[in-house]
Amino acid sequence: MISRRTQENIVVLLLLGFFVAVFVTSLGFSPRARLVPVPISILAILLLLVQLFWQNFRPADELNVDLLDVLTARSPAPGATADREMSVEAKTIADEEDAAPWKRVMISIGFVVLFVAMVFSLGPIPAIFVFTFGYFVVSGHYSLLKAAIYTTVFTVAVYLLFMVALNIQPYHGYLKPLVDYLRQF
Amino acid sequence: MLEAIGAGFMSLMNVQAMVFMTIGVVYGLVVGILPGLGGIVAMALLLPFTYGYDPVATLGLLLGAHIATIWGSSVTSILFRVPGAAKSLALIFDGYPMTQRGEASRALGASATAALLGGLIGAVFLAVSIPIVRPIMLALGPAEYLMMALWGLTIIATFSEGSLLKGLIAAAGGVIIAFVGMDPVTGTPRFWFNSVFLLDGISFPVAMIGMFAVAEMMKLYVKGGAIVERDVGNETSSVLTGIKDAFRHWWLVVRSSLLGVWIGVLPGIGASIGGIAAYAQAVQTSRDNENFGKGDVRGVIAPDATLGANEGGGLMPTLAFGIPGGESMAILLIAFIGLGIQPGPKMLTDELDIVFAMMWIIVVANVITTAIGLAASPYFARLPALNPNVMIPLVLSVCFIGAYATRGQIEDVLVAAGFGLLGYFMERYNYSRANFVIGMVLAEMIERNLHISLTLYGDDFLIKRPVALAMFLFVIFTTVMPFYRNWKRRRAAAEAAGSEAS
């Protein structure tokens, strides 16, 4: 199990890698074209290094800004206090549960990737039908018949709204040549 | 000026504009009532529809949807104790206790009327501020605009939730992403990796769809379970009582609306903190405040008036300086780019009728929202019972087809998915997505004005432009100040702890 701090460190290191890459790439541009990207990437690298230091060696809340205090310059109201207490409580719960939903995180990434893969291979409209129908059925929310009816209605509505009303050229996906080839037989 | 006000009104009074605005309001109410979606997602999903139509009609669609989502999310807070969006959080303190004791209709009536009055005050502020701001804007040069954009960039990080450093890092990330593609000033292709698709740059609407809508659906799945549960008594109140309450507490409405306007004008703060700040001022300025938190109608009126007025305030810096007042205004700016509208001095001179059309949109959309909302509240209130298993595939489908429809390029679907993953992890690790978006929007303004300043005034342009220098010092001051205040507070706490121990 990866601790929250380790996760935060990994995120900072990934961002550090991104901004270093931006800095190095920017050096290849003309002086005028790199006028903003270079200082911005240097600034981001410095901020990330401070963030890395801070989150490992100092209390993280030292970097937090109390919005309500800044805006009202007064002590917070009961409701606002409750809100902040709720936030702290929610944060604590979130931290405790941090490890638990990783499986769900991976599944959520999985269905986004799957949907995109279907869009590229089938085209957007067939992909919407297959994904929505599949999701309804796999989640067990609707029976096969209901899922088919609702998905058909939704897909037709999307088709009319986007393809007909907005006059968007359809994309047939990577499988179109294969379908065309198979049609010959 | 009066002529422009009339022209703005007339441009709104056509069938297409009114139909678009009404569609936007109905859509916004539905989306607003669905917890977890909110105004940003609503506007992001509408961006593909902003091309090829009359600008006023398109703005009516976007602003109408946005205004309606604000009140829609208040409904969810009041009826279900689940804020439809972060900005409506304060409404649960008194709104839900009112629902529990059977006064939901009264709370909704007060909420809608306060939001309407707040919206009207915000629109009046926008109209009044234009003749004041216009000469100031015309006197400013590119160096001052550069400083203003830098201030916008740092102030949003200062006011972002959580870590100030993470807020600044997110803003820097947004700036860099905006530089993907051909540099319009030097003609240099940047960060394109020999991809013709990337040479056109990252489409802002597509990035918004991914960052907010796709990411929210992932969040909804990861959270799991039912969206809302409720346990309330029988309804005993009427909407009319709530409407009367709002007028009875007219001074609270005015105060809260002015607060909303002020928060809207400050770049980057947005409405999220506005509701809480309004609630705080209502409690602190009321003599009999012992009922707050137990179902006091003033606890509903104050946040809603602030949220309603926020839009008029937020439009002012967005239109006048091209600096968005919050993430919703950033999306509006992205729509401007698509419509060929250039915020800044030209906006308040040559395109004044569009500015006033927007003012009228705020007024009319608020009226339509209140009318439809009050009539349909009982029906809308059933919507959050929708299961995530229904919402996720439907919203994701609209996201990806919307991304494709934006430019007709299939690669944009990949971009939306990529930004969806990025947005999800930014949210998970508290890197503000709002800052990222505002960074994207301000990047072009920063770079363009820097180039023009260097060309016009040379490398030492800050010395030659004392106003810009003063603004630069102000930028540094506003960035350092929160750190200083934090340090001072900690030192005071440590001293107090030390003296108690001794």
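# Questions on the structure

Visitor: Which residues of helix H1 (residues 2–12) of chain B are buried?
Guide: A residue is called buried when its relative accessible area is under 20%, exposed when it is over 50%, and partly exposed in between (1.4 Å probe, protein chains only). Helices (H or I, at least four residues) and strands (E, at least two) are DSSP runs, numbered from the N terminus. In this predicted model, the buried residues of H1(B) are Ala4(B), Gly8(B) and Leu12(B).

Visitor: Which exposed residues does the opposite face of H1(B) carry?
Guide: The face in question is turned away from the buried side of the helix. Its exposed residues are Leu2(B), Glu3(B) and Met10(B).

Visitor: What pLDDT do local features need in this model?
Guide: Residues are numbered from 1 along each chain as its sequence is written, while chains are lettered from A and ligands numbered from 1 in the order in which they are written. Side-chain values use heavy atoms, without hydrogens and water; the model is predicted, totals for chains, interfaces and linings use all residues, side-chain atom pairs count only at pLDDT 80 or more, and local features need a pLDDT of at least 70.

Visitor: How much area do chain B and chain A bury between them?
Guide: Contact means heavy atoms within 4.5 Å, and 81 residues of chain B are in contact with 77 residues of chain A. Buried area is the accessible area (1.4 Å probe) that two parts lose on being put together, summed over both. Carbon and sulfur atoms account for 75% of the area between these chains, and the whole is about 7300 Å².

Visitor: Which three residues supply more of the area that chain B buries against chain A than any other three?
Guide: The three together supply 9% of the area that chain B buries against chain A. They are Tyr221(B), Ile401(B) and Tyr429(B).

Visitor: Which residue of chain A forms a salt bridge with Lys166(B)?
Guide: A salt bridge is a side-chain nitrogen of Lys or Arg within 4 Å of a carboxyl oxygen of Asp or Glu. Between chain B and chain A, the count is one. Its closest N and O atoms are 2.8 Å apart, and the partner of Lys166(B) is Glu8(A).

Visitor: Which helix of chain B gives the most to the side that touches chain A?
Guide: On that side of chain B, 54 residues are nonpolar (Ala, Val, Leu, Ile, Met, Phe, Trp, Tyr, Cys and Pro), ten are charged (Asp, Glu, Lys and Arg) and 17 are polar (the others, Gly among them). With 13 residues, the helix that gives the most is H17 (residues 388–407).

Visitor: With which other residue does Glu8(A) meet in a salt bridge at 3.3 Å?
Guide: Glu8(A) counts as buried because its relative accessibility is 9%. The partner is Arg4(A).

Visitor: How far is a polar atom of the side chain of Arg5(A) from the backbone oxygen of Asn56(A)?
Guide: Arg5(A) is found in helix H1 (residues 4–26) of chain A and is partly exposed, at 46% relative accessibility. From the polar side-chain atom to the backbone oxygen, the distance is 3.4 Å.

Visitor: Is Val300(B) buried or exposed?
Guide: Val300(B) lies in helix H14 (residues 298–321) of chain B. Beyond residues up to four places away in sequence, Val300(B) touches several others, including Ile78(B), Leu91(B) and Ser111(B). Its relative accessibility is 0%, so Val300(B) counts as buried.

Visitor: How many salt bridges does a search of the whole structure find?
Guide: Glu427(B) and Arg433(B) meet in one of 3.2 Å, and Lys464(B) and Asp460(B) in one of 3.4 Å. Glu103(B), Arg106(B), Asp245(B) and Arg248(B) are linked in a network of salt bridges. Over all chains, the number of salt bridges is 17.

How values were computed: Polar contact = N/O pair within 3.5 Å; in protein donor to acceptor, adjacent residues only side chain to side chain.
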